Amino acid sequence: MHTLIRDQEISKHDFVFYSDRLIRLVVEHGLGHLPFTEKQVMTPTGSVYTGVDFCKKLCGVSIVRSGESMENALRACCKGIKIGKILIHRDGDDGQQLIYEKLPKDISERHVLLLDPVLATGNSACQAIELLIQKGVPEAHIIFLNLISAPEGVHCVCKRYPSLKIVTSEIDVALNEEYRVIPGLGEFGDRYFGTDD
């Protein structure tokens with residue numbers, strides 16, 4: 001699937017289809033990192049089955065715009081989940097500016113799945129994570145979900161927030177001089193939402 005979504009010749013329909021499949025896998029894997037308690041249920045055969053029950057206090061937060069591509073997979077896995085938004089304007093590599101945030105009022109009591117399909121430098125992610133921490137979310141309650149990551153971004157985020165978890169489907173080679181992930185897949189949001197022409 002990575003080969004397909006990285007191909008510049010893929011149709012928009014196929015790019016979205018295979019991206020959605022990968023996103024679903026990342027979301028499912030991320031959910032596996034949530035705390036759980038033991039739970040017993042009665043099966044239709046009258047037997048007791050001992051399984052697990054995931055934490056109830058959960059929400060998603062998408063980094064607008066590309067992160068919104070991951071919301072449907074999260075909703076498919078967690079019906080009725082609250083999803084907040086953070087918009088950070090990128091101006092070059094260092095000029096980050098928070099433009100908008102709308103988060104659940106009780107976010108400090110929740111585990112947060114932070115959604116952004118590409119982790120490049122880590123600067124936008126760090127700003128979003130810092131905002132969540134300022135809102136009272138414990139660092140260890142944040143799981144950052146993405147499709148591809150540059151090693152530089154992973155190091156930036158993990159060095160600053162060592163208790164946070166990152167779940168990604170692939171770590172690429174590096175960033176180029178324009179701070180693009182290489183080999184990468186181009187501008188994910190434009191390709192996903194069809195605004196790349």
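**View 1. Contacts between helices α4 and α5.** In this predicted model, N123, A125, C126, I129 and E130 of α4 meet C156, V157 and R160 of α5. Helix α4 covers residues 123–134, and helix α5 covers residues 151–160. Two numbers describe a packed pair of helices: the angle between the axes and the distance between them. Here the angle is about 25°, and the axes lie 9 Å apart. That angle makes α4 roughly parallel to α5, since the cut-off for roughly parallel is under 35 degrees. The crossing of α4 and α5 is right-handed.

**View 2. Helix α4 on its own.** Helix α4 has 12 residues. From its first C-alpha to its last it reaches 16 Å, close to the 16 Å expected at 1.5 Å a residue. Which residues of α4 are buried? They are S124, A125, C126, A128, I129, L131 and L132. N123 counts as partly exposed because its relative accessibility is 22%, and buried means under 20%. After α4 comes G136, with a positive phi near 100°.

**View 3. Helix α2 and its buried residues.** Helix α2 runs over residues 12–31, 20 residues in total. Its first and last C-alpha atoms are 28 Å apart, close to the 28 Å expected at 1.5 Å a residue. The buried residues of α2 are F15, V16, S19, L22, I23, V26, V27, G30 and L31. In sequence, G30 and N123 are 93 residues apart. In space, their C-alpha atoms are 21 Å apart.

View 4. The structure holds 4 aromatic pairs. One of them joins F17 and Y18, edge-to-face, with 4.9 Å centre to centre and 85° between the planes. F17 counts as partly exposed, at 42% relative accessibility. Another pair joins Y192 and F193. This pair is also edge-to-face, at 5.1 Å centre to centre with 75° between the planes. Are Y192 and F193 buried or partly exposed? Y192 counts as buried because its relative accessibility is 9%. F193 counts as partly exposed because its relative accessibility is 34%. Y192 and F193 also belong to one aromatic cluster with F15 and F188. Of these, F15 is a buried residue of α2.

**View 5. Two cis peptide bonds.** The peptide bond from V64 to R65 is cis, with omega near 10°. Where does R65 sit? R65 is in the loop between β3 (58–64) and α3 (71–77). The bond from I182 to P183 is cis too, with omega near 5°. P183 lies in the loop between β11 (181–182) and α6 (188–193).

**View 6. A positive phi at Y179.** Y179 is not a glycine, yet its phi is positive, about 65°. Y179 has its place in the loop between β10 (174–175) and β11. Is Y179 buried, partly exposed or exposed? Y179 is partly exposed, with a relative accessible area of 44%. That value falls in the partly exposed class because exposed means over 50%.

Methods. Residues numbered from 1 in each chain as written. Predicted model: local features only at pLDDT ≥ 70, side-chain atom pairs only at ≥ 80, totals over all residues. Heavy atoms only, no water. Helix = DSSP H or I, 4+ residues; strand = E, 2+ residues; numbered from the N terminus. Expected span 1.5 Å × (residues − 1). Buried < 20%, exposed > 50% of the residue type's maximum accessible area, 1.4 Å probe, protein only. Phe/Tyr/Trp six-rings, centres within 6.5 Å; stacked < 30°, edge-to-face > 60°. Axes fitted to C-alpha atoms, helices over the stretch in contact; angles between N-to-C directions. Parallel < 35°, antiparallel > 145°, perpendicular 65-115°, else oblique. Left-handed = near helix turned anticlockwise from the far one by under 90°. Contact = heavy atoms within 4.5 Å.
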